[in-house]
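Student: Could you walk me through this one with me? I would like to take it step by step.
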Amino acid sequence: MVLSIEKGTKTYGNQVLFQDFSCELDFMKHPIYRITGDSGKGKTSLLRILSSLDTLDSGTFSIVMGEAARGGNRLRASWMFQENRLLEGLSGIKNLSLIPSRYSFEEKKEFFAFLVGIENL
């Protein structure tokens with residue numbers, strides 16, 4: 001699956017979140033992407049657009065499913081938004097163990113460490 005934006009613009013009121021922005025996310029080449037940046041710079045808006053939960057003000061957004069649309073590699077996508085979804089009485093590791101997944105707990109720990117930039121979690 002490939003998600004792409006060409007010359008996209010998104011504004012809220014007078015605030016321009018991004019303008020003339022282009023990107024391509026090819027999940028067959030790179031299955032994991034991390035989007036980081038300061039608060040209010042458009043990360044959540046970008047994910048909402050990529051999820052088809054919102055639209056660009058201008059520009060083009062496209063989704064190319066490729067082999068997955070025909071039942072090929074059975075790609076799955078998930079997003080992690082900035083809202084807190086952790087159980088406060090549990091550690092980060094215990095919260096991580098509650099996520100239903102086809103991945104083992106060790107694989108989830110590795111991914112979590114990668115996301116937050118910690119080695120040897």
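Student: Which residues are linked in a network of salt bridges?

Tutor: Lys10, Asp54 and Asp57 are linked in such a network, where a salt bridge is a side-chain nitrogen of Lys or Arg within 4 Å of a carboxyl oxygen of Asp or Glu. This is a predicted model, in which local features need pLDDT of at least 70, side-chain atom pairs count only at pLDDT 80 or more, and totals for chains, interfaces and linings use all residues. Residues are numbered from 1 along each chain as its sequence is written, and side-chain values use heavy atoms, with hydrogens and water left out.

Student: How many salt bridges does the structure hold?

Tutor: The structure holds two. In one of them the side chains of Asp54 and Lys10 meet at 3.2 Å, N to O, and this pair links distant parts of the chain, with Asp54 in the loop between H1 and E3 and Lys10 in strand E1 (residues 2–12), 44 residues apart. The side chains of Asp57 and Lys10 also meet in a salt bridge, at 3.8 Å, N to O. Because Asp57 lies in the loop between H1 and E3 while Lys10 lies in strand E1, that pair ties together parts that are 47 residues apart in sequence.

Student: Is Lys10 buried or exposed?

Tutor: Lys10 counts as buried, at 5% relative accessibility, whereas Asp57 counts as partly exposed, at 43%. Buried means under 20% relative accessible area, exposed means over 50%, and partly exposed is in between, using a 1.4 Å probe and protein chains only.

Student: Back to Asp54, what does it touch?

Tutor: Leaving out residues up to four places away in sequence, Asp54 touches Lys10, Tyr12, Arg48 and Ile49, where contact means heavy atoms within 4.5 Å. The loop that holds Asp54 runs between helix H1 (43–50) and strand E3 (58–64).

Student: New topic, what is the pattern along the sequence?

Tutor: Read along the sequence, the protein follows β-β-α-β-α-α, and its secondary structure comes to three helices and three strands. Helices (H or I, at least four residues) and strands (E, at least two) are DSSP runs, numbered from the N terminus.

Student: And how much of the protein is buried?

Tutor: Buried residues make up 24% of the 121 residues in the protein. Among the contacts with a separation of 6 or more, residues 24 or more positions apart account for 56%.
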